[in-house]
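Hello,

Here is the structure I promised to pass on to you. Please open it alongside this email, and my notes on what turned up follow below.

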Amino acid sequence: MATVNVNRSVTDIFYRYKMPRLQAKVEGKGNGIKTVLVNMAEVARAIGRPATYPTKYFGCELGAQTLFDHKNERFVVNGSHDVNKLQDLLDGFIRKFVLCPECDNPETNLTVSAKNQTISQSCKACGFHGLLKVNHKVNTFIVKNPPSLNPAAQGSSLTEGKRSRKQKQKNDNADGSMTNNSLANNSGGESDSGNGTNQASQTEAEISAAIPEKTAKDDDDEGWSVDVSKEAIRARLQDLTDGAKGMTISDDYDKTEKERIDIFYELVKEKRDKKQLEDVQTHKELVIEAERLDIINKAPLVLAELLFTENIIKDVQKNRPLLLRFFLYIPKHTLSNWWSGAHLYSCIRVH
Ligand SMILES: [Zn+2]
């Protein structure tokens with residue numbers, strides 16, 4: 001595998017710190033276009049940082065959403081991005097967050113003080129220890145996700161066993177339908193590179209406009225992932241157009257899939273308990289929220305869990321319009337799988 005010096009300003013071929021050259025693959029089209037950082041996990045291991053840090057750094061630099069799936073070591077930046085540009089950005093990340101400010105050695109550690117909300121760096125080579133001088137949007141992310149936190153422990157699938165296997169099959173097929181839907185939301189219909197980025201930035205701007213009180217905070221680099229409450233996010237989402245909702249940047253996007261599914265679960269449960277599930281407006285809202293959380297292909301399972309009782313036929317009849325909306329997102333040939341899975345699952349729950 002092609003390797004490059006961790007510190008690429010060092011041209012010495014015998015430089016001992018090497019990392020794999022970053023590989024990236026563009027997937028999807030239109031608004032659904034994204035760049036998968038194929039070997040980010042390996043690169044991250046080579047530079048001794050969690051893979052989320054450089055991924056999030058790319059997201060900040062490019063004004064794009066990022067998505068992490070630790071379990072499958074899948075790290076994604078929304079939009080289409082050139083791998084050489086990303087490699088250059090990675091150099092910036094390494095310069096700022098890896099190399100020792102005193103001796104340029106990459107064998108450094110970051111530690112986070114949750115109390116002071118600061119990041120310190122220590123160097124194994126020269127013994128340097130001090131506060132990280134860099135002030136970057138990604139700092140906030142690092143403080144919230146310190147290196148000591150084992151991201152792999154978070155997991156990513158809904159549950160283990162049968163359901164997640166079924167989900168996996170569906171997952172592999174789900175991209176197409178999601179992309180189509182995103183395309184429908186894309187007024188320009190362009191799919192040139194950078195389109196995703198523009199859309200993301202535009203949406204970010206809309207958010208800033210929607211909540212002026214947050215703008216000042218954003219400017220001093222602390223606002224990137226300020227803990228905006230779910231209620232506030234939802235309130236802002238109400239103000240945006242339907243098309244924009246699906247691509248809104250929010251903290252939720254950095255959550256694990258399970259956490260995002262849980263958010264959706266709670267929302268559906270709330271609607272069910274308030275008896276709003278027969279309302280067409282609620283149906284639209286749920287689709288938009290599932291899209292925003294990037295779990296549209298898992299949403300039917302959440303619905304099955306919350307809506308189906310032992311009398312599944314009656315439940316389906318009652319919730320037909322809602323279910324149909326979500327069925328649109330499942331490729332036809334996986335429908336029978338889904339149906340038997342949901343049916344099996346509801347039977348298991350009842351007995
Ligand atoms: Zn040093």
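Let me start with helix α4, where Val 138, Asn 139, Thr 140, Phe 141, Ile 142 and Val 143 are buried. Buried here means under 20% relative accessible area, exposed means over 50%, and partly exposed is in between, with a 1.4 Å probe and protein chains only. Because six of its eight residues are buried, α4 is largely enclosed by the rest of the structure. Its buried residues are covered by elements including α2, β5 (66-69), α3, β7 and β8. Helices (H or I, at least four residues) and strands (E, at least two) are DSSP runs, numbered from the N terminus.

Before going on, two notes on the source: this is a predicted model, in which local features need pLDDT of at least 70 and side-chain atom pairs count only at pLDDT 80 or more, while totals for chains, interfaces and linings use all residues. Residues are numbered from 1 along each chain as its sequence is written, and side-chain values use heavy atoms, with hydrogens and water left out.

Overall, the chain has 15 helices and nine strands, and 50% of its 351 residues are buried. Of the contacts (heavy atoms within 4.5 Å) between residues at least 6 apart in sequence, 63% join residues at least 24 apart.

Next, the zinc site. Cys 100, Cys 103, Cys 123 and Cys 126 coordinate the zinc ion through their SG atoms at 2.2 to 2.3 Å. Donors are N, O and S atoms within 2.8 Å of the metal (3.2 Å for Na, K and Ca), and water is not among the atoms, so sites may look incomplete. The site is tetrahedral, with angles of 105 to 115 degrees among the four donor atoms; for four donors that label asks for all angles between 85 and 135 degrees. Along the sequence, the spacing of the donor residues reads C-x2-C-x19-C-x2-C. Cys 100 sits in the loop between α3 (83-97) and β7 (108-113) and Cys 123 in strand β8 (residues 118-123), so this pair ties together parts that are 23 residues apart in sequence. Cys 100 is buried at 1% relative accessible area, and Cys 123 is buried as well, at 6%.

Strand β8 also belongs to an open sheet of three strands, ordered β7-β8-β9 with antiparallel pairing. Strands count as paired if DSSP finds at least two bridges between them. Since β7 and β9 (129-131) stand at the edges with a single partner strand each, one side of each is left without a neighbour in the sheet. Six bridges join β7 to β8, and Val 112 stands opposite Ile 119 in β8.

Finally, the interior. A nonpolar core is a set of buried Ala, Val, Leu, Ile, Met, Phe, Trp, Tyr and Cys residues joined through side-chain atoms within 4.5 Å. The largest one has 38 residues, of which Met 19, Met 40, Phe 58, Phe 93, Ile 94 and Phe 97 touch the most other members. At least two residues each come from α1 (40-47), α2 (52-62), β6 (74-78), α3 and α4 (137-144), with α3 giving the largest share, six residues. A second, separate core has 23 residues, among them Ile 261, Ile 263, Phe 264 and Ile 295. Leaving aside residues up to four places away in sequence, Phe 58 touches Leu 22, Leu 37, Met 40, Val 77, Leu 86, Leu 89 and Leu 90.

Key: Four donors count as tetrahedral if all angles lie between 85 and 135 degrees; four count as square planar and six as octahedral if opposite donors are over 155 degrees apart and all others between 65 and 115; anything else is irregular.
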